[in-house]
Amino acid sequence: MRIIRGKYKGRHFPTPSHFKARPTTDFAKEGLFNILENNYIDFEGDEPTALDLFAGTGSISLELLSRGCRRVVSVEKDFKHWQFLQRLSKDLKDPAWLPLHADAFKFCQQSNEHYDIIFADPPYALENLKDIPDAVFGRPDASEDSLLAPGGLFILEHGKDYDFSQHPYFLTHRNYGSVNFSFFSS
């Protein structure tokens, strides 16, 4: 796994071969961050806060951290993956990064923090993948239940079989080969 830009640009973080996680490809990650920087987020000026649900290898978390997020919370349920994130965090010694060992859906229900950027890259075969936007936004009639800060951006990575265009907070969809991103905002 390679960091594309920012203070950790060019650093490589080898992931264990036994990992079940599927990191976002460099091609898709570069496309995603080009969209973010050119259309939605001024990483250096805004110093946004970020939440990475289903953090896996931490590739997106590290890219967010490297580009200037003042706080990045990475939620990962798999214990071995979380341990890997913990090791990376200790090696980097970056106080802005907090890897948490937790279930993403339970975290969404229990957290009362708000984030400027939320990224979710669940396993494509996750049975309740379609419920993730509602978990992030909470009840439609209660904006204070949303994990997303007003004007924030939620990005969901998913396979080609999903269409979120009818969701009330849907903005746009982009695909990079087999990687699909749906963008949402409140």
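A residue is called buried when its relative accessible area is under 20%, exposed when this value is over 50%, and partly exposed in between. The legends below apply these terms to a predicted model.

**Figure 1. A patch of negative charge lies on the surface.** The patch gathers Asp 42, Glu 44, Asp 46 and Glu 47. Asp 42 belongs to the loop between α1 and α2. Its relative accessibility is 43%, so Asp 42 counts as partly exposed. Glu 47 is located in the loop between α2 (43-46) and β1 (49-53). With a relative accessibility of 42%, Glu 47 is likewise partly exposed.

**Figure 2. Helix α3 is mostly covered.** Of its 8 residues, 8 are buried. Among them are Ser 59, Ile 60, Leu 62 and Glu 63. Gly 68, which follows α3, has a positive phi near 120 degrees.

**Figure 3. The largest nonpolar core contains 33 residues.** Leu 32, Leu 36, Leu 64, Ile 155 and Phe 181 have the most contacts inside this core. Two or more residues come from each of α1 (26-40), α3 (59-66), α4 (79-92), β4 (115-120), β5 (148-158) and β7 (179-184). The greatest contribution is that of α1, with 5 residues. In soluble globular proteins, nonpolar side chains tend to be buried together.

Figure 4. The side chains of Lys 29 and Glu 63 meet at 3.6 Å, N to O. Lys 29 is buried because its relative accessibility is 1%, and Glu 63 is buried because its value is 0%. Both residues also take part in a network of salt bridges with Arg 2, Arg 5, Asp 26, Glu 37 and Arg 67.

**Figure 5. Lys 7 and Asp 94 form a salt bridge between distant parts of the chain.** The N to O distance is 3.0 Å. Lys 7 is in the segment before α1, while Asp 94 is in the loop between α4 and β3 (97-101), 87 residues apart. Lys 7 is exposed, at 55% relative accessibility, whereas Asp 94 is buried, at 9%.

**Figure 6. Lys 160 forms a salt bridge with Asp 161.** Their closest N and O atoms are 3.9 Å apart. Lys 160 is exposed at 70% relative accessibility, and Asp 161 is exposed at 67%. The count of salt bridges in the model comes to 11.

Methods: Residues are numbered from 1 along each chain as its sequence is written. This is a predicted model: local features need pLDDT of at least 70, side-chain atom pairs count only at pLDDT 80 or more; totals for chains, interfaces and linings use all residues. Side-chain values use heavy atoms; hydrogens and water are left out. Patches are made of residues with over 30% relative accessible area and no salt bridge: like charges are joined within 9 Å, nonpolar side chains (Val, Leu, Ile, Met, Phe, Trp, Tyr) within 5 Å. Accessible areas come from the Shrake-Rupley method with a 1.4 Å probe; for residues, only the protein chains shown count as cover. A salt bridge is a side-chain nitrogen of Lys or Arg within 4 Å of a carboxyl oxygen of Asp or Glu. Lys and Arg count as positive and Asp and Glu as negative; His and the chain ends are not counted. The place of a charge is taken as NZ of Lys, CZ of Arg, CG of Asp or CD of Glu. Helices (H or I, at least four residues) and strands (E, at least two) are DSSP runs, numbered from the N terminus. Buried means under 20% relative accessible area, exposed over 50%, partly exposed in between (1.4 Å probe, protein chains only). A nonpolar core is a set of buried Ala, Val, Leu, Ile, Met, Phe, Trp, Tyr and Cys residues joined through side-chain atoms within 4.5 Å.
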